[in-house]
Amino acid sequence: MGKEKVVEFEVFRAFAIIAVVLIHSTSRGVTVLDHESMIYWVFYFLNKISLFAVPSFIFMSGVVLFYTYYDKWKPKDIIPFYMKRLKFILVPYLVVSLLYYIFNQRLYYDSWTIDWGHFLMLLPLGHAGFHLYYIIIILQFYFLFPFLIFLVKKYPLVKRYFALIGLGLYLAFYMVNKFYYQFPYRPTMCFTYFIFFFLGASVGMNYKKALAVLIKYRVWVSAIALAAGLGVVGYYFMADLKRVGPGYLFDLSFNAYGAFASLFMVW
């Protein structure tokens, strides 16, 4: 028998979906409205304050995967796990990518052909359609999941410090990208989102205890989430004024906002 269904996970997803809708529904207004009008700033604020959407979905993926599988995972579950993701994630991704590929040609050129070589080149980075890059990110985490759950079950210290390990791995990736080699497709690489997935996994493995801690410190969690969100909005605002600060300030605010907004929504 599996674990009991946690209703708040569905509510969490609803908030994340609302954030996605806000990002897309306000993007046009941010582009075309008069910057001197009050409504422009309403659109602008809603657009930027909703940027926790992708981090929160990745966080919740970590929560649900480890909440569902941690107690019952066995090595024999690897093949069924991958087969399920192949059926419900990879196959739909391929179908939707093909539909996007045809639709975009029809929309912009009023005709379409299928160049299978070109189409296949678009798939690894989700370039066949708008925002399909998210599926590429999630597929990477699904690929890593059996290895990660093996580590946390075999080594108690890894489980205990899993969120900090995720933070450390992200910082290592960030420093390599900044000082040694700039990865051309960084937004589609799972390393960019390790903080959110590993934090979600830590919550999922210890859900009741984590929820109790979050409720106890909800004021601090809320305050940090709000401050980080305003920091993200403020950075974009300064960038629009051509007064861009150091990039690490944006990365710090964005990662803190994604993490603490997700923790905020859990409780």
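Here is a short chat about the predicted model shown above.

Biologist: What should I know about the model before we start?
Modeller: It is predicted: local features need pLDDT of at least 70, side-chain atom pairs count only at pLDDT 80 or more, and totals for chains, interfaces and linings use all residues. Residues are numbered from 1 along each chain as its sequence is written, and side-chain values use heavy atoms, with hydrogens and water left out.

Biologist: How many helices and strands are in the protein chain?
Modeller: 12 helices and zero strands. Helices are DSSP runs of H or I with at least four residues, strands runs of E with at least two, numbered from the N terminus.

Biologist: Which residues of α2 are buried?
Modeller: Tyr 40, Tyr 44, Asn 47, Lys 48 and Ile 49. Buried means under 20% relative accessible area, exposed over 50%, partly exposed in between (1.4 Å probe, protein chains only).

Biologist: And what covers them?
Modeller: The cover includes α1 (7-32), α11 (218-240) and α12 (247-266). Contact here means heavy atoms within 4.5 Å.

Biologist: New topic. How many aromatic pairs are there?
Modeller: The whole structure has 39. Rings of Phe, Tyr and Trp (its six-membered ring) pair if their centres lie within 6.5 Å; planes under 30 degrees apart are stacked, over 60 edge-to-face, the rest tilted. One of them is Phe 52 with Tyr 257, edge-to-face at 5.9 Å centre to centre and 85° between the planes.

Biologist: What does that pair tie together?
Modeller: Phe 52 sits in the loop between α2 and α3 (53-69) and Tyr 257 in helix α12, so the pair links parts 205 residues apart in sequence. Phe 52 and Tyr 257 are both buried.
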